[in-house]
Structures are given as structure tokens and as C-alpha cells.
Amino acid sequence: MNITFSKIAVPGRGVVVIAVPEGIHGAGKLGPAAAKLDKLSRSSLSRAMRAAEFTGKREKTLVLMVPAGTKLDRVVLVGLGAAKSLDALAAERIGAVIYDAVAKDPAAAVILETDGAAVDNAVLAAHLAGGLRLKSYRFSKYQTKEDKDAKPRLKTLAVQCDAPAEAKKRFVAVNAVVDGVFFTRDLVTEPPNLIYPESLAARAKELAKDGVMVEAFGEAAMTKLGMGALLGVGQGSDRESQLLVMRWDGAKDKSAPPLAIVGKGVSFDSGGISLKPPAGMWDMKWDMGGAGVVIGLMRALARRKARVNVVGLCGLVENMPDGKAQRPGDVVTSMSGQTIEVLNTDAEGRLVLADVLWYARRFKPKAIVDLATLTGAIIQTLSEHYAGLFSNNDELAAKLLAAGQAVSERLWRLPMGEEYDRDIKSPIADMKNIGGGRAGSITAAQFLQRFIKDVPWAHLDIAGVVWNEKATALAPGGGTGYGVRLLNRFIADNYEK
Ligand code: BES
Ligand code: MN
Ligand code: ZN
């Protein structure tokens with residue numbers, strides 16, 4: 001989509017969107033730019049608004065067909081809501097509503113006048129465009145007979161705003177993040193016959209064009225490193241496991257300690273010998289969602305040239321049952337030297353992360369944040385409304401909670417402690433890979449913590465938020481890309497100053 005910002009963007013034909021502040025009961029109070037709209041009869045506009053009881057409530061729309069006195073096909077009014085609460089997040093959601101109203105038009109113009117808003121007009125314009133683009137996401141590459149009428153046609157968006165040069169500059173960063181979200185959504189949506197550890201690593205190598213250093217290590221290298229926990233998970237698959245290492249060193253001091261972001265990348269989780277039931281097993285194609293976020297985040301950071309050093313680390317494996325697969329009861333030795341009794345081969349994500357978290361130490365990170373579709377239990381606890389947050393560090397947890405709130409990718413912190421850790425004691429090894437069946441998300445987090453020493457660490461259990469069948473405010477349904485905007489904000493607010 002081609003998105004432009006200018007002082008005057010209104011065409012004589014087609015569709016024009018006018019953003020309307022709340023509390024308005026007629027066209028008389030529209031801003032000067034909207035009021036100048038080519039010969040549009042203001043009295044008929046006022047009548048229409050009154051007749052429809054349209055008062056500019058946030059995200060409400062009113063469509064006027066072939067308005068008298070113009071050659072326009074449609075004028076779409078969209079409510080901005082109260083000026084004082086109009087912020088970047090609100091602008092994104094308004095942009096998404098506008099997308100739904102103009103998706104079938106080849107081109108649209110938006111008049112955005114936001115006098116009295118707490119946030120700068122240029123910022124609002126950039127985020128409105130970003131939200132619109134987020135909502136426009138489609139994944140149709142495997143649909144050979146797509147219905148032409150149902151297909152979105154929007155190719156050009158012109159935003160009329162107060163300071164177009166500033167809006168354009170802001171949009172570069174916003175758009176980089178949207179690119180990252182789209183990359184993540186693409187990766188989680190791809191089918192598991194096509195996305196497997198090596199092909200996922202190959203897709204990540206596309207990031208080299210953005211300036212990210214990308215390396216992938218295979219099973220021979222991981223055997224040398226002693227990654228017995230990760231390798232055990234992949235040993236029942238014909239696909240070779242991979243360790244993906246991505247570096248973006250954008251800080252002034254390229255040798256300053258990085259942040260480490262770690263992702264669970266199980267390209268398909270059948271459960272292994274502890275096989276899952278068939279219903280819904282297809283969802284396990286997005287069990288690489290944590291890795292998907294890390295890869296998308298690296299794109300966002302690189303494309304907006306974030307002034308930070310970040311290393312992205314993903315354990316990529318396929319969990320399959322096979323003659324060579326690991327058995328319930330096996331004992332494996334992790335890279336840390338700690339041994340694990342594998343009682344359930346379906347609790348594989350923690351086995352993968354155990355070795356990747358331990359490996360992260362060699363980068364001497366300031367902090368480690370991991371993302372994983374780790375437990376079904378977190379969906380029971382929080383549904384799709386929050387991801388679970390677990391941390392050994394209150395300050396780090398607070399930063400993540402705040403970033404999640406700011407971009408509406410919310411986190412809820414859950415407790416950890418010795419009383420939960422007891423649950424994963426094994427009679428024959430250092431630990432077992434499942435707890436007693438209660439507080440399953442917490443015992444999973446306790447397991448991970450055994451592979452973290454003193455580094456500030458946070459674990460995000462994103463099993464409930466990676467995929468949403470229904471459309472959400474900023475996504476059309478399917479892969480959400482949850483986590484990219486959250487971590488991007490977390491980094492921008494805390495590590496780039
Ligand atoms: N990938 C699953 C968790 C999951 C479930 C993610 C549903 C998204 C939707 C994970 O590997 C798993 O199977 N966890 C088990 C752990 C159990 C065996 C201790 C679970 O949650 O049932
Ligand atoms: Mn599993
Ligand atoms: Zn899994």
C-alpha cells in the first residue's frame with residue numbers, strides 16, 4: 001500500500017474520510033480543512049449527522065453516498081472521540097476502522113484535524129496510517145480461486161494532516177514495526193509442511209537485507225555444544241533441528257551488552273510419543289509463535305534503525321513420534337549439565353528453551369526475555385486477553401507490563417517461588433519436565449528458571465494470544481503478531497536513550 005501525507009490530499013472523486021471530534025451535532029463544527037471540502041453541502045452533511053445521531057463517538061462511522069454538490073462516491077465520517085484521550089493507540093484503532101470502511105476502494109483520502117488533542121497531530125496521523133495497514137493484513141498466497149469481489153482493493157492512502165513532513169518521518173518507524181508484525185503473521189500462518197526448522201531459518205536469513213546478522217547451526221554443532229534437551233525433542237523428526245542466532249547491533253557502542261530475546265520455535269508440535277488428540281492438532285503449526293515474534297521484532301528494529309544491541313535466539317525443532325523419538329521416561333542431559341527426566345514428550349517447549357536460555361549466557365546479556373507458546377494452562381487462566389508474565393526481577397517485569405499496556409498487548413504477572421519449584425523434583429534426575437498437574441504455567445516457568453542464573457529474566461507465555469480465529473481491533477483474524485509491538489515499545493522506552 002502506498003501511503004502519503006500532505007497538507008491537501010482531498011481528491012474530487014472517489015471516497016473521502018473525515019475524522020470528526022466528539023460532541024459535534026452538525027457539520028458547522030468540522031475543522032476548516034473538512035469544511036472546505038469541494039462544494040459539499042454543509043447543511044446536508046449536518047442533517048445527515050443529526051438524522052443518524054452521529055456525534056463523533058470514537059470508532060463510530062457514518063457513510064454518505066454520492067453527497068450532493070460533489071463528484072465524490074462517498075464521504076465516510078469517522079468519530080475521533082474525546083480529544084483529551086486521543087492518543088497513538090486510539091489513532092491506530094481508528095485507522096483500522098477506516099480500513100474496513102474503504103478496503104474495497106482502490107484509493108482513499110483521510111482528513112485528520114485533531115485540534116485540542118493531547119498528542120501531536122503528526123504522531124496521530126502516523127499511527128492512524130499504521131493501524132490501517134495492520135488491519136489490512138491478508139494471507140492468501142495459497143488461495144488460487146479467490147473471490148474477486150471479496151478481495152480488498154485499497155492501494156493508495158492519502159492522509160491530509162497539519163505537519164506532513166513530521167508525520168512522514170514518524171511513519172517510517174511505525175511502518176517498520178508493521179513490517180515486523182506482518183513478517184511474524186506470515187510465519188505463524190504458513191503450513192507446517194512448508195515451515196520447518198531449516199525453512200524457517202532460511203526465511204529468517206531474509207533479514208540480512210535489513211542489516212541483521214543471521215546464523216543457523218544444525219544438529220552437529222548443537223551436539224558439540226551439548227544441547228541434549230533440545231536435540232531430544234527433535235530426534236523423532238526427519239527435519240533437522242536448528243539454532244537460530246540473529247544480531248542487530250544498532251547502539252552507538254556496538255560492543256555494549258545486548259538484550260537477549262529468546263523464542264520457542266516448535267514448527268509442529270504433535271506431542272511426540274505423548275501424542276496429542278486429533279481435534280485442534282492443526283493449531284500446533286503456530287507452536288513456533290515465540291520464534292515468529294523474535295524474527296519479526298528483529299525486522300522492526302532493523303528497519304527503524306533502533307539504537308540498541310539485541311540478540312535474537314530461537315530453538316527450532318519439530319516434535320514428532322517416530323521409531324527414533326524420545327520416550328516418556330528418558331533422561332536427557334542439558335547444555336547446563338543438569339539432567340531432565342522427560343515424563344511427557346508433549347512438554348517439549350521447556351526442553352528446547354532450557355538449552356537456548358543457557359546458550360544466551362555467552363552474550364552476557366543485560367536481560368533475557370523469552371516468548372513461548374508454552375502451556376495450554378495459560379489459556380485456561382487468561383484466555384486470549386493477556387499473555388502470562390513470569391520474572392525474577394520486579395523492575396524488568398514493571399517495564400514489560402507498562403509497554404504491554406501502552407500498545408494494548410497486555411501482560412499479567414503470575415507468581416513464582418520455591419513452593420512451585422518443588423513440583424518438578426525427580427527421583428532419578430535433577431528435575432522432571434512436568435509438574436503434578438496444578439498451576440501448569442507456573443511449574444513450566446519454574447523449569448525455565450533453572451536455566452537462568454542471576455540475569456534479569458522474564459518469560460512470556462503467549463499460547464493464548466498468538467492466534468485469534470476472530471478479527472481483533474488491529475488484525476483480520478488468524479495470526480495476531482502479538483509481542484512485536486510490545487517488545488518494540490519495551491526496547492524504545494527503556495534501552496534506546
Ligand atoms: N505447545 C503446547 C502448548 C499449547 C497448547 C500452545 C495449546 C497453544 C495452544 C505445549 O508444548 C504443550 O503441549 N504443553 C502441555 C504441557 C503439559 C504436557 C505439561 C500442555 O499445556 O498441555
Ligand atoms: Mn507440546
Ligand atoms: Zn509445544
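Which residues coordinate the zinc ion (ligand 3)? Select the zinc and you'll find Lys264 (NZ), Asp269 (OD), Asp287 (OD) and Glu348 (OE), at 2.0 to 2.4 Å. Donors here are N, O and S atoms within 2.8 Å of the metal (3.2 Å for Na, K and Ca), and water is not among the atoms, so sites may look incomplete.

A quick word on what's on screen: this is a predicted model, in which local features need pLDDT of at least 70 and side-chain atom pairs count only at pLDDT 80 or more, while totals for chains, interfaces and linings use all residues. Residues are numbered from 1 along each chain, chains are lettered from A and ligands numbered from 1 as written, and side-chain values use heavy atoms, without hydrogens or water.

Stay on the zinc. Its six donor atoms subtend angles of 78 to 174°, which makes the arrangement octahedral (six donors, opposite ones over 155 degrees apart and all others between 65 and 115).

Now click Asp269. This residue bridges the zinc ion and the manganese ion (ligand 2), which lie 3.2 Å apart. Asp269 sits in strand E9 (residues 259–269) and Glu348 in the loop between strand E12 (339–342) and helix H10 (349–360), so the pair ties together parts 79 residues apart in sequence. Both Asp269 and Glu348 are buried (under 20% relative accessible area, 1.4 Å probe, protein chains only).

Next, ligand 1. One of its oxygen atoms is 2.8 Å from an N or O atom in the Lys276 side chain, and a nitrogen atom of ligand 1 is 2.8 Å from one in the Asp287 side chain. Taken alone, ligand 1 exposes 510 Å², and the protein buries 77% of that (Shrake-Rupley method, 1.4 Å probe).

Terms used. A polar contact is a pair of N or O atoms within 3.5 Å; within protein, one must be able to donate a hydrogen and the other to accept it, and residues adjacent in sequence count only if both atoms are side-chain atoms. Four donors count as tetrahedral if all angles lie between 85 and 135 degrees; four count as square planar and six as octahedral if opposite donors are over 155 degrees apart and all others between 65 and 115; anything else is irregular. Helices (H or I, at least four residues) and strands (E, at least two) are DSSP runs, numbered from the N terminus. Buried means under 20% relative accessible area, exposed over 50%, partly exposed in between (1.4 Å probe, protein chains only).
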